[in-house]
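Hi everyone, thanks for coming. Please take a look at the structure on the screen, and I'll walk you through it.

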Amino acid sequence: MKDAARRIIDAIGEGGRVAVMTGAGSSAESGVRTFRDRGGLWEDYSLEEVATSEAFATNPSRVHEFYNTRRAHLATVQPNDGHRALVRLESLFGDRFALITQHVDDLHERAGSRRVFHMHGELYKARCVECSDVVEWMGDISLDDGCRSCSGSMRPHIVWFGEVPFFMEEEIPDVCDGCAVFFSIGTSGTVYPAAGLASMVSLGGGLCVEINLETTPGSGIFELQIEGKAGERLPALLDELEALLKPEEAV
Ligand code: OAD
């Protein structure tokens with residue numbers, strides 16, 4: 001891990017920016033199900049039936065039930081050591097750090113991460129189908145719930161397949177453009193545009209680092225691969241990075 005930490009520090013140099021992309025695998029150790037692993041959500045549900053605007057138009061109750069179940073479960077889980085390690089990474093680099101996440105859970109924020117872009121939406125928010133007003137929403141969403149502004153019906157504030165992810169017009173391209181190091185953590189890298197961000201960084205000369213239990217279809221683009229659980233490998237990497245950057249504080 002020491003060699004990996006040195007390569008990362010060298011790539012960041014003086015003033016380089018760091019971007020992190022997380023996927024479902026980084027909340028797996030908190031007890032949140034991933035999508036495509038064995039035991040993943042898409043084994044039990046058809047994504048066409050619960051995660052598309054067509055599904056919501058055809059059977060909104062079914063779609064609400066799927067996300068209501070996810071939202072209720074989220075209240076029972078806690079951030080893990082991987083989430084906490086990313087807070088340490090942010091405190092090392094401050095405003096040169098950004099966390100792009102495919103998670104719809106709030107575990108990064110609960111751990112203490114501050115600059116987080118939820119490109120696939122957030123479970124604890126709902127959106128009006130008519131006027132697009134977005135509100136905090138902790139409980140179930142039902143067909144009877146109406147928008148506070150226009151009384152329109154409410155939908156989960158989730159990006160469904162076929163919809164454009166959030167923050168892709170400006171913020172996420174700005175973060176990735178010219179960034180020195182890009183981490184891809186716990187994602188299968190199969191859903192675009194998220195899966196294309198590493199290539200963008202790599203083309204710009206940045207170092208791409210993958211942390212995953214296994215290789216992924218896009219692993220070839222990552223110059224540095226760290227195999228294992230995010231909740232174990234990230235804290236170990238942070239120990240090394242902190243020892244290199246803040247040697248006076250290392251024990
Ligand atoms: P996937 O379920 O596709 O992939 C999870 C990845 O995490 C796999 O590559 C696993 O090997 C890895 N993994 C599992 N446990 C891990 C651990 N403890 N440490 C490190 N890696 C681990 O999930 P995503 O890539 O996030 O979209 O899926 C992308 C998108 O597809 C999701 O945001 C969701 C889904 O359909 C929408 O709902 C719009």
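Let's start with the ligand, which sits in the largest pocket. A pocket here is an open set of points on a 1 Å grid over the protein atoms alone, where a 1.4 Å probe fits, with protein on both sides within 12 Å along at least five of seven lines; sitting in it means that more than half of the molecule's atoms lie within 2 Å of its grid points.

Please keep in mind that this is a predicted model, with local features needing pLDDT of at least 70, side-chain atom pairs counting only at pLDDT 80 or more, and totals for chains, interfaces and linings using all residues. Residues are numbered from 1 along each chain as its sequence is written, and side-chain values use heavy atoms, leaving out hydrogens and water.

Now the polar contacts, meaning pairs of N or O atoms within 3.5 Å. A polar side-chain atom of Glu 29 is 2.8 Å from a ligand nitrogen. Phe 35 brings a polar backbone atom 2.7 Å from an oxygen of the ligand.

Finally, the chain is divided into domain 1 (2-32 + 79-119 + 165-249) and domain 2 (33-76 + 121-158), with bounds from an automatic or database domain assignment.

Key: Polar contact = N/O pair within 3.5 Å; in protein donor to acceptor, adjacent residues only side chain to side chain. 1 Å grid on protein atoms, 1.4 Å probe; cavity = no way out; pocket = protein on both sides within 12 Å on 5 of 7 lines; lining within 4 Å.
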